[in-house]
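User: Hi! Could you walk me through how some of the helices pack here, and then the main pocket?
Analyst: Happy to, let's look at it together.
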Amino acid sequence: MTEISARDRKSTRGVSSKGSAPKSAPLATRVLELVASGQASSRAELAQLLGTAPSTISLTVAELVERGLIAEEGTQSSTGGRPRRVLRAGSTDEYAVAADVGGRHARIGVVLPGNGVRDVANVPFEIGDGPEAALPRLAEHLESLAERRGRGLLRGVGLSLPGPVDVTAGAVVLPSRMPGWNRFPVAAWLEERFGVPAVVDNDANCMAVGEQSVRPAEHRRTITVKIGSAIGAGVIIDGGLYRGATGAAGDITHIRIDGGGDIPCSCGNTGCLETVASGAALVRILRERGLDVTSTEDVVQLAMDADPEATRAVRRAGDHLGQVLAANVNFFNPDAVYLGGILSTLEPFVAAVRSQLYESCHPLATEHLTIERAALGADAGLAGVGLFALQRALARALGDAGGTGTDPFRTGTPSRNTGIPSRSG
């Protein structure tokens, strides 16, 4: 989830707590967000999602088409009446470059309007080297992508980071396992380097955004959990991110659980979920049992090889996560729970989470509950932060074109209906 510092909270007063554009935000901005994220491709879909009269939507779309921010092409079949014109954001050739950063590597790629992901690759990235050393090396990889794609069509840059992020400042705030990153102005650094709008957000936020953008429209209340070296969650309400009053919504990693013991957590407490169910916790647990593991990837490989100790530890971790999610599912009653991150690739882990939810939740809460792995897999975070970057670029373009739209990130809010999300680490 995203942290908002005390000095920034005044600027968020009056902003929708769902993490979306405020109700007073111009309709054009909200239309751009839905089209850019791929959740709406026709006037009829926009009218339905926004609860606005079709005639008003048509006028807004016509204005955006005239300004070159939305284009119309072809037709799609409809259940009745005239075929619908297909809407898309800007030119099909425009794009953002994005990176989803982990502790030792980054997943980079090109993100197109409508959530297309291209040219994906994994590159080395040592987050422990600090931003001054690590960012220039990452920027070289992103610049190489842009050069191959056409630098003149680059519209934005997005960076997903494994720590709490102040989206207004474009900086990480008090992260664990990220020496030198605290309050470093990452977004400003990227904008100066690339000369286009840049966005920085938390990895669980970005995963939830990307995942929501490809999920059924009726799934508008969801929890997306990223389980890697750390644990984070993103909460979607009415199709948009819910950040909470101070940006702490979805911080399940610091919920204390039965059986958590007295292991200290980075938050200062003991027995938190992170200390028994995260990838880092599994490395510690298996090393204490005499296994030669140094990373979450090692744990996953052992479990895939059916090592009994690793499989038992993974199942136990899934059970712990399921206990915490069960309380949230009973309270929130979501349409779906999506599991992402490297541990979600393990069937024993997913099965343990699913079993605990069905065992511990009220039958009404699980009657129609979808519990699945993230459909976009490892690309969910990449797609999400790319969408963030494209939305910022569109918001600024709307302002430059004489519109009254506001940059949702500069006002401390993420875009509305992008499937947008919360924090890990």
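User: Let's start with α1 and α2. At what angle do they pack?
Analyst: Keep in mind that this is a predicted model. In it, helix α1 (residues 27–37) packs against α2 at an angle of about 115°, and their axes are 11 Å apart.
User: And which hand does the crossing of α1 and α2 have, left or right?
Analyst: That crossing is right-handed.
User: Which residues make the contact?
Analyst: From α1 you have Leu 27, Arg 30, Val 31, Leu 34 and Val 35, and they meet Leu 46, Leu 49 and Leu 50 of α2. By class, that contact has seven nonpolar residues, no polar ones and one charged.
User: OK, what about α2 and α3? How far apart are their axes?
Analyst: The axes of helix α2 (residues 43–50) and helix α3 (residues 54–66) are 9 Å apart, and the two helices pack at an angle of about 120°.
User: Now α9 and α10. What's the geometry?
Analyst: α9 and helix α10 (residues 308–332) pack at an angle of about 110°, with 7 Å between their axes. They are therefore roughly perpendicular to each other. Here α9 passes α10 in a left-handed crossing. Val 299, Leu 302 and Ala 303 of α9 make the contact with Ala 310, Thr 311 and Val 314 of α10.
User: Changing topic: what volume does the largest pocket have?
Analyst: Its volume is about 1,000 Å³. The lining of the largest pocket has 38 residues, and Gly 102, Gly 103, His 105, Ser 229 and Glu 297 lie nearest its centre.
User: Which elements supply that lining?
Analyst: Several give at least two residues each, among them the strands β3 (95–101) and β4 (105–112) and the helices α6 (203–213) and α9 (296–304).
User: And how does the lining divide by class?
Analyst: The lining of the largest pocket has 13 nonpolar, 17 polar and eight charged residues.

Definitions and conventions. Residues are numbered from 1 along each chain as its sequence is written. This is a predicted model: local features need pLDDT of at least 70, side-chain atom pairs count only at pLDDT 80 or more; totals for chains, interfaces and linings use all residues. Side-chain values use heavy atoms; hydrogens and water are left out. On a 1 Å grid over the protein atoms alone, a cavity is a set of points where a 1.4 Å probe fits but cannot get out, and a pocket is an open set with protein on both sides within 12 Å along at least five of seven lines; lining residues have an atom within 4 Å of a point. Grid points are joined across faces, edges and corners, and a volume is the space filled by probe spheres set on the points. Helices (H or I, at least four residues) and strands (E, at least two) are DSSP runs, numbered from the N terminus. Ala, Val, Leu, Ile, Met, Phe, Trp, Tyr, Cys and Pro count as nonpolar, Asp, Glu, Lys and Arg as charged, and the others, Gly among them, as polar. Axes are lines fitted to C-alpha atoms, for helices over the stretch in contact, and angles run from 0 to 180 degrees between N-to-C directions. A crossing is left-handed if the near helix is turned anticlockwise from the far one by less than a right angle, and right-handed if clockwise. Contact means heavy atoms within 4.5 Å. Angles under 35 degrees count as roughly parallel, over 145 as roughly antiparallel, 65 to 115 as roughly perpendicular and the rest as oblique.
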